Amino acid sequence: MNYGEMKKVDIANGVGVRVSLFVSGCTNHCPGCFQPETWDFDYGKPYTKETEEELLEALAPSFIRGLTLLGGEPFEPKNQEVLVKLLRRVKEQYPEKDIWCYTGFVLEDLLRGGTYCHTEVTEEMVGYLDVLVDGRFEEHLKNISLQFRGSENQRVIDLVKTREQGKIILWNGEEDAD
């Protein structure tokens, strides 16, 4: 897997100060995408063991609220193989940190077998997430006043409450989403 950027101090992609990893590769190709260069799976730099250690070290300070995965597309099948291992380590080392993820797929497709984005590790990967911003960016539904999403069809899902209640619960914008 490649990645385009690692932001060690990011305040735009989730609540609080975060570490964000922008992975490479996306087959969704949403018209109006703000980072079409990340569609290429070879874009950026190779994600290595050293990259992972740097990312984990960046998560250590107490002022860092959590990790955000975005891209490209974290739920591309070949990206999931690498990212599920990272998420395991983050939850083991930093159980107090929350994890957000942006995807062009919808949660229902991620969890439904037989879809392109569902692999043997998808459910485990979703299980580590606290908040999922799902759905393709739809240029005709673009709304710059939305918090943490670009178009009105996208959902910000509180996965902690979704798991607790057994139905999709949208994040309510409160500071403590975890």
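Colleague: Trp100 and Phe148, then: buried or exposed?
Modeller: First, this is a predicted model, where local features need pLDDT of at least 70, side-chain atom pairs count only at pLDDT 80 or more, and totals for chains, interfaces and linings use all residues. Residues are numbered from 1 along each chain as its sequence is written, and side-chain values use heavy atoms, with hydrogens and water left out. The labels go by relative accessible area, with a 1.4 Å probe and protein chains only: buried is under 20%, exposed is over 50%, and partly exposed is in between. By that scale, both Trp100 and Phe148 are buried.

Colleague: What is the order of the elements, going from the N terminus?
Modeller: Helices (H or I, at least four residues) and strands (E, at least two) are DSSP runs, numbered from the N terminus. The protein has 5 helices and 7 strands. Read from the N terminus, they go β-β-β-α-β-α-β-α-α-β-β-α.

Colleague: What radius of gyration does the protein have, and why can I call it as compact as a globular protein of that length?
Modeller: The radius is taken over C-alpha atoms, and the globule rule is 2.2 Å times the number of residues to the power 0.38. For 178 residues that rule gives 16 Å, and the protein comes close to it, so it is as compact as a globular protein of that length, with a radius of gyration of 15 Å.

Colleague: How much of the contact set joins residues 24 or more positions apart?
Modeller: A contact means heavy atoms within 4.5 Å. Taking the contacts with a separation of 6 or more, the share from residues 24 or more positions apart is 65%.

Colleague: Back to Phe148: which residues does it touch?
Modeller: Phe148 sits in the loop between β6 (131–134) and β7 (155–158), and its relative accessibility is 14%. Its C-alpha atom is 8.9 Å from that of Val15, although the two are 133 residues apart along the chain. Leaving out residues up to four places away in sequence, Phe148 touches Ala12, Asn13, Gly14, Val15, Trp100, Tyr102, Val133, Val156 and Trp171.

Colleague: How many aromatic pairs are there, and why does the one with Trp100 and Phe148 tie together separate parts of the sequence?
Modeller: Rings of Phe, Tyr and Trp (its six-membered ring) pair if their centres lie within 6.5 Å; planes under 30 degrees apart are stacked, over 60 edge-to-face and the rest tilted. Trp100 and Phe148 are edge-to-face, at 5.0 Å centre to centre and 70° between the planes. Trp100 is in strand β5 (residues 98–102) while Phe148 is in the loop between β6 and β7, so the pair links parts 48 residues apart in sequence. As for the number of aromatic pairs in the structure, it is 5.

Colleague: What is the phi of Phe148?
Modeller: Most residues other than glycine have a negative phi, and most peptide bonds are trans. His29, in the loop between β2 (17–23) and β3 (45–46), has a positive phi of about 50° although it is not a glycine. Phe148 also has a positive phi, and its value is near 65°.

Colleague: Where is the cis peptide bond?
Modeller: Look around the loop between β4 (64–71) and α2, where Gly72 is found. The cis bond has omega near 25° and runs from Gly71 to Gly72.

Colleague: Which residues does Val82 contact?
Modeller: Val82 belongs to helix α2 (residues 77–93) and is partly exposed, at 23% relative accessibility. Its C-alpha atom is 10.0 Å from that of Asn2, 80 residues apart along the chain. Apart from its neighbours within four places in sequence, Val82 contacts Met1 and Tyr47.

Colleague: And which residues does Glu139 touch?
Modeller: Glu139 is in the loop between β6 and β7, partly exposed at 49% relative accessibility. Not counting residues up to four places away in sequence, Glu139 touches Pro31 and Gly32.
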